[in-house]
Amino acid sequence: MSDRVSTPDRPRTVLLRGGEVHSPADPFATAMVVEGGSVAWVGEEGAADSFADGVDEVVHLDGALVTPAFTDAHVHTTSTGLALTGLDLSAARTLPDALARVRAYAAARPADRVLLGHGWDASVWPERRSPLRAELDEATGGRPLYLTRVDVHSAVVTTALLDLVPGIRDRAGFDGERPLTGDAHHAVRRAAYATITAEQRAAAQTAALAHAASQGIGTVHECAGPEISSEDDLAALLALGARGDGPRVVGYWAELVTNAKDADRVRDLGAIGAAGDLFADGSLGSHTAHLHDPYADAPHTGAAHLDADTVAAHVAACTEAGLQAGFHAIGDAALTAVTDGVRAAAERVGLGRIRAARHRVEHAEMLTGATIAAFAEYALTASVQPAFDAAWGGEDGMYAARLGAGRARTLNPYAALLRAGVPLALGSDSPVTPLDPWGTVRAAVFHRTREHGISARAAFTAHTRGGWRAIGRDDAGVLVPGAPADYAIWRTGDLVVQAPDERVERWSTDPRSGTPGLPDLTPGRDLPECLRTVVGGRTVYQRPNE
């Protein structure tokens, strides 16, 4: 693909030509020049000849597509790496299959102090139940095991792990046989993760970032916090990201801020915001998302972790300190608490300051007309994960089982958010769903509830430029002169312009539209294949033999 091999020791000038360059600067662009870490020029093939003799490298695209690199706006990097390199039960289709995988993993890892695993989802198993503690004790030979559900809001554990946590049976969320939630879950997670060595953590983080780069992801938003990971974990990850040989890492720390001293502590950790998974509630799959009305399959309304007054104090303190605030909120009651709290904060510090801060809400699944209007009024970014709908939406999906079909059909209303002017940033919540940006865009377009789908262009923008805007950068995530040279090269088929609604033409290849095309993401078609990922002008991934 390339005439010369670039070296990272000095800024270089690179000409990419002979392909399709996705740029609003020129919808017919076939070439691009990069100088050092920035895009210098985008245009058509005829003009590229004038640059060819003065550059250090020429990349012959051979018809490949060049796009901005994706930003995944919600990632748990170490957990992703552990899932990639360890016990991942996301492919288990029955309870016996899951137990067999646990048994094999335990046999293969005799030296691990605590066995770590992720990804089981009993809602897709015919048994419709989680593993029992006795079954896990048998499968592991009595060793400590921490095994998170796919949503990471509950976990099953062995007796040996419980024995490592004094007072665990007295903590909220403990159950003799059911998965642990709440404080009990957080306690066993801390005990399990405390056994991870620095070498294991580094290997997991390196594996996760390398995998992200191979998927065309140039930036990840790490959602860390005291109930999720640790200060050491975040520090190590930010240092790894700062090396410049992989994706950029933007850190969030999920801890309440009440004054300037708290805000300074968050900054000292290297985080750009007291946001991410600052839990207002839990998850639908674990029955811990906070609802106004009871679950369809459980006689309660979930768990409320923050009230409107606490939200208001946090948002006001962060705003006054110039720090981004944010929350994890899934259920309708949790989203009401968040938006009521933001409204109260705006009354204290002023609407303009709230809007300028670009506070954000993670997941934001069970929205209503009132909460969507509040998102728009306060310029809250909705950091959403369309793969959740692909995995659990639909008439027979987990959402319908938890909420009933009527309420389930209201979830993840991306079209309504965009119509209201709410900024979107797309992500995966990996390892909850995989690092798969084109799959994420596809899920947003071909939503399981038809009226909630958005155009491929809107979804792609939310997964590229949207992630940058969510951190206050309006100059990135797009291939125009002066923008950071964060891009990916893809092997793909014909480019089209897709809409989510079959009442209008779903796709078009007419160049007269002046709209840059994107790959055809119709379900069943192959997704684009990443050939190279570049961050700040440096290649961080290149497909072998390309």
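This is a predicted model: local features need pLDDT of at least 70, side-chain atom pairs count only at pLDDT 80 or more; totals for chains, interfaces and linings use all residues.
**Stop one: threonine 533.** Select residues 529-535 to bring up strand β22, then pick out threonine 533 within that strand. Is threonine 533 buried or exposed? Its relative accessibility is 0%, so threonine 533 counts as buried, the cut-off for that label being under 20%. Which other residues does threonine 533 touch? Leaving aside residues up to four places away in sequence, select Gly216 and Ile217, then Tyr487 and Ala488, and finally Arg538, Thr539, Val540 and Tyr541; Ala213 is also on that list.

**Stop two: a pair of helices.** Two packed helices are described by the angle between their axes and the distance between the axes. Select residues 95-108 for helix α3 and residues 133-140 for helix α4; their axes come within 8 Å and cross at roughly 35 degrees.

**Stop three: glycine 86.** Go to the loop between α2 (77-85) and β8 (87-88), where glycine 86 sits. With 25% relative accessibility, glycine 86 counts as partly exposed, because that label covers values between 20% and 50%. To finish, select asparagine 412 as well and draw a C-alpha to C-alpha distance from glycine 86: the two are 31 Å apart in space and 326 residues apart in sequence.

Definitions and conventions
Residues are numbered from 1 along each chain as its sequence is written. Side-chain values use heavy atoms; hydrogens and water are left out. Helices (H or I, at least four residues) and strands (E, at least two) are DSSP runs, numbered from the N terminus. Buried means under 20% relative accessible area, exposed over 50%, partly exposed in between (1.4 Å probe, protein chains only). Contact means heavy atoms within 4.5 Å. Axes are lines fitted to C-alpha atoms, for helices over the stretch in contact, and angles run from 0 to 180 degrees between N-to-C directions.
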